[in-house]
Amino acid sequence: MKEIKTVAVIGAGQMGAGIGLISAFYGFKVVLNDINQQFIDRGMKQNEKWIERQVEKNRFDESKANLIRSKLIGILSLEEAVSDADLVIEAIIENQEIKNNTWKIIGENAPEYTLFGSNTSSLSITEMGKHSGRPTQFLGTHFFNPPVIMKIIEFIKGYETTDETLNALVGYGQTMEMNTVIATEAPGFIVNRLMIPQLNEAYFALMEGVATADDIDIAMKFGLNHPMGPLALSDFIGLDTILYIAEYLHRELGEKFRPCPLLVKMVRAGKLGKKSGEGFYKY
Ligand SMILES: NC(=O)c1ccc[n+]([C@@H]2O[C@H](COP(=O)([O-])OP(=O)(O)OC[C@H]3O[C@@H](n4cnc5c(N)ncnc54)[C@H](O)[C@@H]3O)[C@@H](O)[C@H]2O)c1
């Protein structure tokens with residue numbers, strides 16, 4: 001199996017940009033891709049801000065900053081972005097059909113040895129693996145937000161993923177000093193299977209007037225020692241992403257995962273959280 005040196009990250013949003021950044025920080029060559037040059041630029045700018053902040057705080061010096069910068073490039077053509085990659089990580093919108101279509105193109109354009117990882121929060125790895133044309137080389141690589149801070153990757157094996165693929169990706173995670181956990185394919189894997197119902201219940205509590213948004217968050221923060229309350233966390237993740245995951249869990253696992261109507265309404269209103277300027281809180 002070829003050593004992983006070059007990583008193409010498809011989708012330069014919150015997660016894709018961050019996955020590119022942490023990979024570049026640990027010395028991988030990174031190609032960031034998105035559907036529009038503006039989105040690539042936004043991702044690069046977000047990463048540049050982080051790099052500058054670290055230098056200001058003396059976490060590393062300007063030569064390390066330049067080294068990270070030199071490892072990060074943006075390429076708008078998907079075909080070109082994956083053409084020289086040892087590993088492709090996809091972090092586009094949480095929609096099975098769009099991911100499947102994207103993986104088909106990636107599979108047709110990446111070298112034969114290239115390993116594939118999807119950052120999906122909940123969707124079927126087996127299905128994406130099939131569309132990529134190389135299910136044995138396909139793994140769920142679920143990073144957490146933001147990837148530069150959250151030191152964990154949840155790996156999810158699809159029906160045909162080989163141990164060789166898993167081991168290579170575990171090695172990539174370990175190079176980045178990540179904790180790694182392994183799940184077999186099941187909707188939501190480990191973390192979102194447990195987290196989404198809790199977030200959803202917080203929306204019901206708010207909708208039913210059990211408490212204010214602030215008090216729900218304060219209660220969970222100090223009562224359960226969580227670093228953030230569920231509503232602030234939701235704004236941070238993105239309400240559209242949470243709704244996609246909740247709808248999928250509802251379809252696959254049944255009634256107890258039905259998305260709260262308040263969440264549905266907020267997404268329809270374009271209140272997506274921090275990234276849109278307003279969610280449960282204003283930014
Ligand atoms: N937000 C989180 O906390 C979080 C955590 C873990 C995993 N995830 C997963 O990561 C993925 C991305 O989430 P995000 O929060 O970064 O979303 P985001 O909305 O910030 O970014 C998604 C990016 O994908 C791009 N995109 C959409 N379709 C594309 C395509 N066909 N080709 C290339 N780029 C495309 C969009 O333009 C956008 O820039 C989703 O699968 C999500 O479930 C999100």
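Reader: From which domains does the shell around the ligand draw at least three residues each?
Author: This is a predicted model, in which local features need pLDDT of at least 70 and side-chain atom pairs count only at pLDDT 80 or more, while totals for chains, interfaces and linings use all residues. Residues are numbered from 1 along each chain as its sequence is written. With domain bounds taken from an automatic or database domain assignment, the shell draws at least three residues from each of domain 1 (6-184) and domain 2 (194-274).

Reader: Which residues come nearest to the ligand?
Author: A residue is near a molecule if its C-beta atom, placed from the backbone, lies within 6 Å of it. Of the 26 residues around the ligand, those that come nearest are G11, G13, M15, S121 and N145.

Reader: Which element gives the most to the shell around the ligand?
Author: Helices (H or I, at least four residues) and strands (E, at least two) are DSSP runs, numbered from the N terminus. The elements giving two or more residues to this shell are α1 (14-25), α5 (96-109) and β6 (138-143). The one that gives the most, with three residues, is α1.

Reader: Why is helix α10 largely enclosed, and which helices do its buried residues pack against?
Author: A residue is buried if 20 or more other C-beta atoms, placed from the backbone, lie within 10 Å of its own. Seven of the eight residues of α10 (residues 230-237) are buried, so this helix is largely enclosed by the rest of the structure. With contact meaning C-beta atoms, placed from the backbone, within 7 Å, the buried residues of α10 pack against α8 (191-207), α9 (213-223) and α11 (239-253).

Definitions and conventions. Buried ≥ 20, exposed ≤ 12 C-beta atoms within 10 Å, placed from the backbone. Contact = placed C-beta atoms within 7 Å.
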